[in-house]
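Take a look at the chain below before reading on. Keep it in view as you go through the points.

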Amino acid sequence: QVHLVESGGGSVQAGGSLRLSCAASGVTSSNYVMGWFRQAPGKEREFVADITWGGGGVYYSDSVKGRFSISRGNAKNTVYLQMNSLKPEDTAVYYCGASYSESDYDPTPYAYGMDHWGKGTLVTVSS
């Protein structure tokens, strides 16, 4: 059973930065695409960014492109989301997701959803 645990959420003023982390356990190989989604109050969960198992492919939503950066840890079972120039509209619960994938070049199909989810970490951006 794949288990994902997020950390790094918190409160920050607009223009500030936060770094989210997600660690996966229970994976039998490193071939997992991992990514971040978020859900704001009263809204549906939306895609933020994802990355292939080796970092060969990354994909961002238009709303965060140029401000957020996704990366994998050396152990490949971790994923990070560096969030800069935060805006109040970035306020949401951020969820880490993972899906098995042997592809190391195209993470875009997983923007529609993933097989495994963490419980989320809250990010609050005040104006």
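This is a predicted model: local features need pLDDT of at least 70, side-chain atom pairs count only at pLDDT 80 or more; totals for chains, interfaces and linings use all residues.

Residues are numbered from 1 along each chain as its sequence is written, and side-chain values use heavy atoms, with hydrogens and water left out.

**The sheet**

- Strands (E, at least two residues) and helices (H or I, at least four) are DSSP runs, numbered from the N terminus.
- An open sheet is formed by 4 strands, in the order 1-3-8-7, with antiparallel pairing.
- Strand 1 (3–7) and strand 7 (68–72) are the edge strands, and each pairs on one side only.
- From one strand to the next, the twist averages 15 degrees. Such angles run from 0 to 180 degrees between N-to-C directions, and the axes are lines fitted to C-alpha atoms, for helices over the stretch in contact.
- Two strands pair if DSSP finds at least two bridges between them.
- Strand 1 and strand 3 run antiparallel and are joined by 5 bridges.
- Ser7 has Ser21, in strand 3, as its bridge partner.
- Strands of a sheet pair through backbone hydrogen bonds, either parallel or antiparallel.

**The disulfide**

- A disulfide is a covalent bond between the sulfur atoms of two cysteines. Here the term is applied to a pair of cysteine sulfur atoms within 2.5 Å.
- The structure has 1 disulfide. Its partners are Cys22 and Cys96, with S to S at 2.1 Å.
- This pair links distant parts of the chain: Cys22 is in strand 3 and Cys96 is in strand 9, 74 residues apart.
- The S-S torsion of Cys22 and Cys96 is about -80 degrees, so the disulfide is left-handed.
- Cys22 and Cys96 are both buried. Buried means under 20% relative accessible area, exposed means over 50%, and partly exposed is in between (1.4 Å probe, protein chains only).

**Asn31**

- Asn31 sits in the loop between strand 3 (18–25) and strand 4 (32–39).
- Its relative accessible area is 18%, so Asn31 is buried.
- Beyond its neighbours within four places in sequence, Asn31 is in contact with Trp53, Ser99, Tyr100, Ser101 and Glu102. Contact means heavy atoms within 4.5 Å.

**Ser85**

- Ser85 belongs to the loop between strand 8 (78–83) and strand 9 (92–100).
- Ser85 is not a glycine, yet its phi is positive, about 50 degrees.
- Most residues other than glycine have a negative phi.
- Ser85 has 41% relative accessibility, so it counts as partly exposed.
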